[in-house]
Amino acid sequence: MDNQLLTIYINGDAYQVDGNDNLLAAVLSNKLNLPYFCWHPAMGSVGACRQCAVTQYQDEHDKKGRIVMACTTPVAEGMRISINDHASQEFREQVIGAMMTNHPHDCPVCAEGGECHLQDMTVMTGHTSRNYEGLKRTFTNQDLGQFVGHEMNRCITCYRCVRFYKDYAGGEDLGVFGSKNQVYFGRQEDGQLESEFSGNLVEVCPTGVFTNKHFSAHYARKWDLQSAPSICANCSVGCNLSVGERYGSVRRVMNRYHHELNGYFICDHGRFGLSYVNSNKRLTRTKGIDHSSPMGLKKQDVVRALLHYRKKQFLAIGSGRASIESNQLLREIVGVRNFSTGFSATQLPFAKQHADYLSRHQPVSLAEIEQADFVLIIDEDITQSAARIALSVRQALRNKGIARAQSMGIPSWQDSAVRTIAGEQKSPLYIFTSVATKLDSVASARYLQSPEETKLAVEQLIAVLTNKHREHEINPNILQIADALIQAKKPLVISGWSHQHHGLFSSSIALIDAVSACHSNSCSLMTAPEANTVGQLYLTTEITQSVEQTIEQTITDSDIAGLIVLEHELPSLSKAQIERLNSANKLCIAIDHSDGKFTQAANMVLPATPVTESHGHFANYQGRVQSFYAVTPPILPIQNAWQWLCLLASGLEKLSDELTVINSFSTLHEWFEKHVDRWPIKLDASDTSIAREPHRVSGRTAKMANQTVHEAKTTQSEEAYRFSMEGGAIDTGDNMPYVWAPGWNSNQAITFYQQRPNGPLMNRQSAKFLSFNEQPFHQYQSVDEGKPANTEHNDVSLAMSVPWFRRFWLTRSQAEFSMMVQANVLYVSKSYANKQQLAVKQWVKVSLSKKNQSTRQEVFAQLMIDDDLPVNHLYLQADELHENHWQLVSVTLADEQALEQWHKQVENRLKSAELEQKNTLTRLKEKDQTIPIRLVSGGLEDA
Amino acid sequence: MTPLTHPLTHLVDVNNPLNFKGYCQQKGYAAAKKVLFEYTPAEALDTVKSSGLKGRGGAGFPTGMKWSFLPEFEEDDPRAKEPKYLICNADEMEPGTFKDRLLLEGVPHQLIESMIIAGYIIGATRAYIFLRGEYHLAAKRIQQAIDEAYQASWLGNDIQQSGYSLELHLHTSAGRYICGEETALINALEGKRATPRAKPPFPQVAGLFGKPTIVNNVETLSNLPHIFAHGVEWFQQHAPESDAGTKIYGACGRIKIPGLWELPMGVSIGRLLNDHAGGMCEGLALKGLLPGGASTDFLLPEHLDVAMDYDSIAKAGSRLGTGGLIVLDDKNCPVAMVKNIMQFFAQESCGWCTPCRDGTPWALEILTRIEQGKGTLTDIDELYRLCDFMWIGKTHCALAPGAVEPLRSALNYFTDDFIQHIEEHCCPYQQRGHHG
């Protein structure tokens, strides 16, 4: 529908509104206050809470009017309404009064206090005194698992939680129970919420029923938090986050609105997956550098430590976890030839082809996904690898129903009406997959098979689309997919790296090429493994070596003095290699923020900042370059990786002297602009300073009063963002540290910074994308798929089903994720089970080997039948395995003793995780009382 | 009782209802046969429209007009091939109302015949009877009748070789008053929460499973065979101009003969109460009455001459509703009665919209206090405020306004009783030794 501007009269004044909007959205677009609960800009109107009532008049002579619900009333030219008349004001106050009959008024102990939509709306309606004299309803709360707290007595029954959880996000384990004024929102019984989007309940709930458990455990009011705009570092989507900190520990993550990407919602990996920054696995000290002063580190210390290595050649490994700046700088230091972009030997061919794909296709944004009316997913479990994309795909499936509703004159925002009309009708979604995925249940068809089979199917589909087929050779299912694709207005193809099958990856890209050749409005996207993987693709060239090659060369090449590894855990590094590195006398420098395999092995460790303490850029799956800012300044000797690299450059006497004096992010960028070809980023020059802390910040001067009565100096940073409440408006478009508007303390205040609800931010900057040149890698050989020899299972393929909380070592090593028990299950077909004489629920020992390697691994799993599996394909879900590069050796009945031992191990892991979680909390709370004063000074030279 | 004077009930036998054979012997299924073989659906629809039949479920909406809202598609439109549904609303749960039960238990085949006719006219291929869960006997008898009809080829594929097919299913409700609201009923039938839907879309356009659907009350549907058997003129002669047909009236309360009577539409309240229900019990006088179930406004003894048709009752300030009188005598406490009714509506609120969900229990809480003699005069203002709060247009459906009707009319008509409770700090009726 076209955006048609209409004029309506609100309280007698004329306003311009969008003709496709409902009255509530129109009122809010004009930045007028009108309270609401059940309406949500992304979820539309259902008319349950009755809070947004206004008086509508027939014409200018009508003085009485009638009450209508703004959220369910479409705007019309010349419409006359009133917000400030007595009748509608009184009714709105009554609605709050009625809701409050059961609300416990426990604001002082509520985690939502001070940023509660219910508080805001209560004040807005002027409901100030209570008339209800009866008893209040009480409920029993549930344990909803690791992330979300539950306090049902606070509920005002707006139904937003289930509308988000079930209708919007497709969750199945949160529902509505009971009726009348005893409506209960919860699970059938206590237990971990199963949805990957459960954390959004915290923001969707207008009051404190659903709260962030991590935040509640170590709590601060919103006005006491220091916040900064950040980018999620846990997958390639690049969701915008607002991270909140107090006393040097990160307290919580909230969604930061971006109309093309995450909109109003993020996944649980983004919201809860940052706890590693508070972990005791954080590196806080240097290794291999003698500190000349007890007060801290001096530049000379680094220079002295590197004295023997001046001008020597180093190899380096960057990573998709590190910023564009750090990787680029590392590459400049060691030179292109010596710089590995951090891809393993298996990944490197994917990387090169992915870069090639990016040179021809612009991957779609999440907002564009939601416009698609046909989706084909090629063996990528996006719900686990890039969850926010899966949420958008779910919205795309609604387009058929929305179109049907529109044909009946029902606008898309009439949520319940549209869902009634849509019934079970969905836009087509076809899935080829090697593991069962959560989107399967909403797919038109799902083909569960090996990547090899999928590759053949994709090739058939290409043949059909390019008219190079003879009808009788093609599987009718493929013809059906091709038909649906051709008929669609905006077909979308999604794939990624998770299947780790190179042949399938190539043919997926060939398919995308074929689709875009035959359908002008088609679109596609490829997910990538890490937050800045696409930034690394940009640095990958023909000569780029894999991680394995780089390590091997470091060991064997006598010209190489050592290896610098930037924020890379080097999972493939073996004990033998570590020994060889040591005996070859190589200097291994690790720059990272958390302790891992390589930081333990390295002779020199430089503690770097995680994303919450850094300033830099990531490029998401689209190549969209986004900046993140430090929410809290690092405590020396922790520094930004690029700051360490400047010191290394000076110690190793690499690059120009200019670099050695770089002490700010903007001078670093100036240096890049001068010295780097195709340097893609231009910093926005900003004159205004922006406060990270809200102006009402309490106890600002008392924060450290237990240690000194003097007010501490705030950390000076040259960026626009201040580590204080000093600064101008928070309205900085794309980079708001937190959201607040007069009268609106909750995140719903975002409406006042948008052009219209659900629309772009008013002050947004234009998006920046990396531009990829056509790659010369077309002809590189297909790598050997590496079937191991001499196993009885040559003909059987195995895929790993890895949930999001096991995908990244930073996340999975955290206590709360360790405590999320994932059952070990091997899914097989019935005929496979019969052939192997195994029965359902039997415990089996699965022996695995790594491709091209002698590494063996054995895991215990329970056998389950998946009737959709072909006989030659299995998939395994196992807590111990996080990657898809295993080959099946054998499946045998488990030995009882060994099984028992394994069960004990799991139990112990849970126990120690529980203890660790407790200890971490105690440590952080203690730290609140003993925060070092020097935290508030900044920069190395200060020390 | 003849078919011409008591079309709906002349075959009713609550102890031993007619089986298929017996029903056929009484000219059963003759009207259905006539419609299937002699009428096109469009012709039959015209007949229903011109008959003036109005919905007997409470709202009184013209049946033929309701059916004509079904969308018509061009033949090549894919939507033309989508199914349509017919639902019989047999979820009779309005307090004081039990007319449908008589038809369901007493002459089950009449309903099936009616549904075949309605299904044929609207082009439904599948039909459901949504039956109140507590009507166990009706469930048994309806299911038996459905089975017989299938055996006799009056249901299923190609009914009587007419080319028309209809699948009919009995669904017994899990038991919520709100399922009487047609869209809540549809949600319940789909296995969802029984919450009324947003309208538009109306069920005629997008109802059960998003497909065009007609929902009609048992009594409404039961008129159909007789309209086709005896003609439109015969049907219209039973009632004054604005209405047509007969109506099953009921009466309960402390009256001599509580019960049900099929009478020409528009009988006066006085005749119904005194001639058919035998008047008040000994020693009691009429204080007021609810003319059509619990969700209608009180009427007073001065209204005895009002005709029980949709327009006349509306003019008197109430609604015909289901046509089931609930009679209040002078020795029963009106506050207790209203409290009792409010308790029902607070209990049956679906919990969707705020005014109903939180307003009805609030009103109940105040009424309870007043009834116990603990109320204050400001409580009466608060009750009036709540009546405004829950009125039409402010709520999602008609349940809360239905709860307001007896409350507000009681506040207006029986003000003294409320004030007495407050001033005497007790229930004056209990004080006088009457039943409260």
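## Terms and basis of the model

A residue is called buried when its relative accessible area is under 20%, exposed when that area is over 50%, and partly exposed in between, with a 1.4 Å probe and protein chains only. By this rule B:Ala139, with a relative accessibility of 14%, counts as buried.

The structure is a predicted model, in which local features need pLDDT of at least 70, side-chain atom pairs count only at pLDDT 80 or more, and totals for chains, interfaces and linings use all residues; side-chain values rest on heavy atoms, without hydrogens and water. Residues are numbered from 1 along each chain as its sequence is written, while chains are lettered from A and ligands numbered from 1 in the order in which they are written.

## Confidence in chain A

The predictor's confidence in each residue is the pLDDT, which runs from 0 to 100. Chain A has an average pLDDT of 90, and 91% of its residues score at least 70. In residues 779-791 of chain A the pLDDT is below 50, and this stretch has 22 contacts in the model beyond near neighbours in sequence; a contact means heavy atoms within 4.5 Å. Residues 934-943 of chain A also have a pLDDT below 50, with 23 contacts beyond near neighbours in sequence.

## Overall form of chain A

Chain A contains 29 helices and 33 strands. These elements are DSSP runs numbered from the N terminus: helices are H or I with at least four residues, and strands are E with at least two. The radius of gyration of chain A is 29 Å, which agrees with the value near 30 Å that a compact globule of 943 residues would have. This radius is taken over C-alpha atoms, and the globule rule is 2.2 Å times the number of residues to the power 0.38. Along the principal axes, the C-alpha atoms of chain A fill a box of roughly 90 × 80 × 55 Å.

Of the 943 residues of chain A, 62% are buried. Among contacts between residues at least 6 apart in its sequence, 73% join residues at least 24 apart. The accessible surface of chain A is about 36,200 Å², and carbon and sulfur atoms account for 48% of it; such areas come from the Shrake-Rupley method with a 1.4 Å probe, and for residues only the protein chains shown count as cover.

## Overall form of chain B

Chain B comprises 19 helices and eight strands. Its radius of gyration is 22 Å, close to the 22 Å given by the globule rule for 436 residues, so chain B is as compact as a globular protein of that length. The C-alpha trace of chain B spans about 75 × 45 × 40 Å along its principal axes.

In chain B, 61% of the 436 residues are buried. Of the contacts between residues at least 6 apart in the sequence of chain B, 70% join residues at least 24 apart. Chain B exposes about 16,400 Å², 51% of which is supplied by carbon and sulfur atoms.

B:Ala139 belongs to helix α7 (residues 136-151) of chain B. Apart from neighbours within four places in sequence, B:Ala139 is in contact with B:Leu131, B:Leu170 and B:Thr172. B:Ala139 and B:His171 are 32 residues apart in sequence, and their C-alpha atoms are 8.7 Å apart in space.

Helix α8 (residues 182-189) of chain B is mostly covered, with eight of its eight residues buried. Among them are B:Leu185, B:Ile186 and B:Leu189. The buried residues of α8(B) pack against α4 (63-68), β1 (85-90), β2 (126-131), β3 (167-172) and β4 (213-217) of chain B. Just after α8(B), B:Gly191 has a positive phi of about 90 degrees.

## Backbone exceptions

Most residues other than glycine have a negative phi, and most peptide bonds are trans. A:Pro637 is in the loop between β24 (624-628) and α23 (641-651) of chain A. Another cis peptide bond runs from B:Lys199 to B:Pro200, with omega near 0 degrees, and B:Pro200 is in the loop between α8 and β4 of chain B.

A:Tyr159, which is not a glycine, has a positive phi near 70 degrees. A:Tyr159 lies in the loop between β6 (148-150) and α4 (160-168) of chain A and is buried, at 3% relative accessibility. B:Lys27 likewise has a positive phi, of about 70 degrees. B:Lys27 is in the loop between α1 (20-25) and α2 (30-38) of chain B and is exposed, with a relative accessible area of 70%.
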